[in-house]
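Dear colleague,

Please find below the structure that I am handing over to you, together with its sequence. My notes on what was found in it follow.

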Amino acid sequence: MSGVALEGRVLVAGAGAGRVLRLEEPLSFWGGVDPATGTIIDRRHPRCGESVAGRVLVMPYGRGSSSSSSVLLEGVRLGTAPAAVVLRELDGILALGAAVARELYERSPPVVLLEAADWETLPEGAEASVDVSGRLRIAG
Amino acid sequence: MAGLDMRGSVDLTDRDRSMLAGDFGEATAAAMRILVAMAGVYGAERLLDIEGAHIDGCLYHGDSGVDFAELLVAGGARVRVPTTLNVGGLDLLHPNEFAGTAERRAKALRLMECYEEMGCRTIWTCAPYQTTPRPAFGQQVAWAESNAIVFANSVLGARTHRYGDFIDICAAIAGRAPAVGLHLEENRCGQVVFDLRSLPPSLRSASWLLPAIGYLVGERCGNRIPVLLGLEDADEDGLKALGAAAASSGAVALFHAVGITPEAPTLEAALGSHDPARGGGKAEEWIEVTAADLRVALRRLSTVADVAPPTGEAAAQAPPGSRRPARPGADPASANGRARDLAIDVVALGSPHFSPREFRDLLPLVRRHPPAESVEFVVCTNRLSLDFLERSGELSRLRALGVRVVVDTCVVVAPILRTPAGGVLMTNSGKFAHYAPGNVGFDVVFGSLAECVRSAQAGRLWRDPELWP
């Protein structure tokens, strides 16, 4: 794949690819995402109604309830989780959901942390992939 | 933010290694694998001993949570420190208070049993700090449940990082937690000052507004540590409501209220400026909170258009999509902001769980203004408050008036409400107001306790002219 490559810090290792869903406003998975479908259901969130399933989810950090890790784990079980999660700031709660998914189901979306300047460059809708070493590639 | 090169390995003790190697059983080894992985995520250099835990993982969100608990139980898991349980998916004392399927009930029950089998105390409440012996100032604990975390850190001065499901039980099983974040004194300095001093005293001392202040703080400070300056003396129920709202709209795990919370005797102390080694001393941001800000937060707490700002100021300040009529015929915002013709289907109180003191406020109101038959009136609480109601004879009186009292669980996390989704739910809880639309599909109206009770009596939104002149 040609295009830009960015180096992220691996929080939970894995590989995934999909179209970028870029959330400028943080999202709580608990109360914010329906694990049955991956749809964003937080009516106060500007991207309510869109789906995180199979997307490279780019957001600054999670917010709200600590149950968000459960919702991510349930999404992994049901196949509605994002393909990868790309954060700007450390978020233990989503990383935890992914780490438990790895322990329990032996699969999880990668969770990576980017420097803010790199994070800002990720364009909505672009095809992107994350590899096990935390390298993020955007189709050019 | 710290650089990306902080992925050092975690320095483990011999005992940590022994637990990892399986010498304490397979469940302890699995718990340690997750703890060490998360210590790496957080960039922790080591693990530390904890003296207590509060577990959020006992609430059924789906089969994966049961799979995880069963994995631990099968591996012989027992908690090593005193551990309490958050709400579950069922009211175990009142089995009829459940509107879900038999299958869901069975799974929610099995999950609760798994955590009991691991040796946790079955208090089933999101307000453990009002029921059981509380962590002492400075004590290291591992708590989950966002409102409990913020209360433990802020009001008690205990030290917990912002934990979620799964790592909470792992910490309890191992008696260890990553030495990181809010466990460490240097990370507990305030960062953003919310200066409330220019608000009229009537707004600063209005307990019903504390969730709105918390909501505003959470939205504006994100995951930084807020310092509230000029908050009038708030009691523990008020701080609980404020913290729960802040932890809903933002990732707030600790706030300082100058003159009120234990790490904030002064602004300087809250910012850490008495000790340069703590790296604090200066606020990153200073936010003057105005009455207009508070009105915006109030509007954000409701999803229906009927809550006009008291001054009738620009509706344009509301974010897109946050204000719309609940149903055809609902009156959009009008100039004077008075109660209008909005049907209320449900009144839900008790997030976090109602304390005996909150019931003392509710009882005379609801006796004077009993709910209409058309309105479902539910209060979520814990068994300690239930005992108080039973001993005082109030429980049967409340029930006779049509008030449902639900324990062990909560209406936004489990199928408890009998009213079909799609209606309007009124609450005095910032946390309910935040989560009810997404979780249970109701529009919400936020109001004071008296407004909730009077609205339930009328079956329509009632606004207190004193509060909404």
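**The sheet of chain A**

In chain A, eight strands make up an open sheet with mixed pairing, in the order β1-β10-β9-β3-β6-β7-β8-β2. Please keep in mind that this is a predicted model. The edges of the sheet are held by β1 (3–7) and β2 (9–12) of chain A; each has a single partner strand, so one side of each is left without a neighbour in the sheet. On average, and ignoring direction, neighbouring strands of this sheet are turned by 30° against each other.

Helix α2 (residues 92–105) of chain A packs on the sheet, where it touches β2, β7 (84–87) and β8 (111–113) of chain A. The direction of this helix makes about 65° with that of β2(A).

As a general point, strands of a sheet pair through backbone hydrogen bonds, either parallel or antiparallel. An antiparallel case here is the pair of strand β9 (residues 127–130) and strand β10 (residues 135–139) of chain A, joined by three bridges. Within this region, Ala128(A) stands opposite Ile138(A) in β10(A).

**Chain B as a whole**

Chain B contains 16 helices and 14 strands. Of its 469 residues, 55% count as buried. Among the contacts in chain B with a separation of 6 or more, 77% are between residues 24 or more positions apart.

**Where the two chains meet**

How many residues of chain B are in contact with chain A? There are 41 of them, and they contact 37 residues of chain A. The elements of chain B that give two or more residues to this side are α2 (26–42), α3 (63–74), α9 (236–249) and α15 (430–440). The largest share, seven residues, comes from α2(B). By class, the residues on the side of chain B that touches chain A are 19 nonpolar, 14 polar and eight charged.

Helix α2(B) has 17 residues and spans 24 Å from its first C-alpha to its last, close to the 24 Å expected at 1.5 Å a residue. Because 14 of its 17 residues are buried, α2(B) is largely enclosed by the rest of the structure. Just after this helix, Gly43(B) takes a positive phi of about 75°.

**Two packed helices in chain B**

Two packed helices are described by the angle between their axes and the distance between the axes. For helix α8 (residues 210–221) and helix α11 (residues 291–300) of chain B, the angle is about 95° and the axes are 9 Å apart. Angles of 65 to 115 degrees count as roughly perpendicular, and α8(B) and α11(B) are therefore roughly perpendicular to each other. In this contact, Ala212(B), Ile213(B), Tyr215(B) and Leu216(B) of α8(B) meet Asp293(B), Leu294(B), Ala297(B), Leu298(B) and Arg300(B) of α11(B). The contact has seven nonpolar, no polar and two charged residues.

**Backbone details in chain B**

The peptide bond from Ser351(B) to Pro352(B) is cis, with omega near -5°. Pro352(B) lies in strand β10 (residues 346–354) of chain B.

Which phi does Trp124(B) take? The value is near 45°, which is positive in a residue other than glycine. Trp124(B) is placed in the loop between α4 (102–117) and β4 (142–143) of chain B, and is buried, with 28 other C-beta atoms within 10 Å.

Glu145(B), also not a glycine, has a positive phi of about 85°. This residue is in the loop between β4 and α5 (146–156) of chain B. Glu145(B) counts as buried, with 32 C-beta neighbours inside 10 Å.

With kind regards

Notes. Residues are numbered from 1 along each chain as its sequence is written. Chains are lettered from A and ligands numbered from 1 in the order in which they are written. This is a predicted model: local features need pLDDT of at least 70, side-chain atom pairs count only at pLDDT 80 or more; totals for chains, interfaces and linings use all residues. Two residues are in contact if their C-beta atoms, placed from the backbone, lie within 7 Å. Helices (H or I, at least four residues) and strands (E, at least two) are DSSP runs, numbered from the N terminus. Ala, Val, Leu, Ile, Met, Phe, Trp, Tyr, Cys and Pro count as nonpolar, Asp, Glu, Lys and Arg as charged, and the others, Gly among them, as polar. The expected span of a helix is 1.5 Å times one less than its number of residues. A residue is buried if 20 or more other C-beta atoms lie within 10 Å of its own, exposed if 12 or fewer, and partly exposed in between; C-beta atoms are placed from the backbone. Axes are lines fitted to C-alpha atoms, for helices over the stretch in contact, and angles run from 0 to 180 degrees between N-to-C directions. Angles under 35 degrees count as roughly parallel, over 145 as roughly antiparallel, 65 to 115 as roughly perpendicular and the rest as oblique. Two strands pair if DSSP finds at least two bridges between them.
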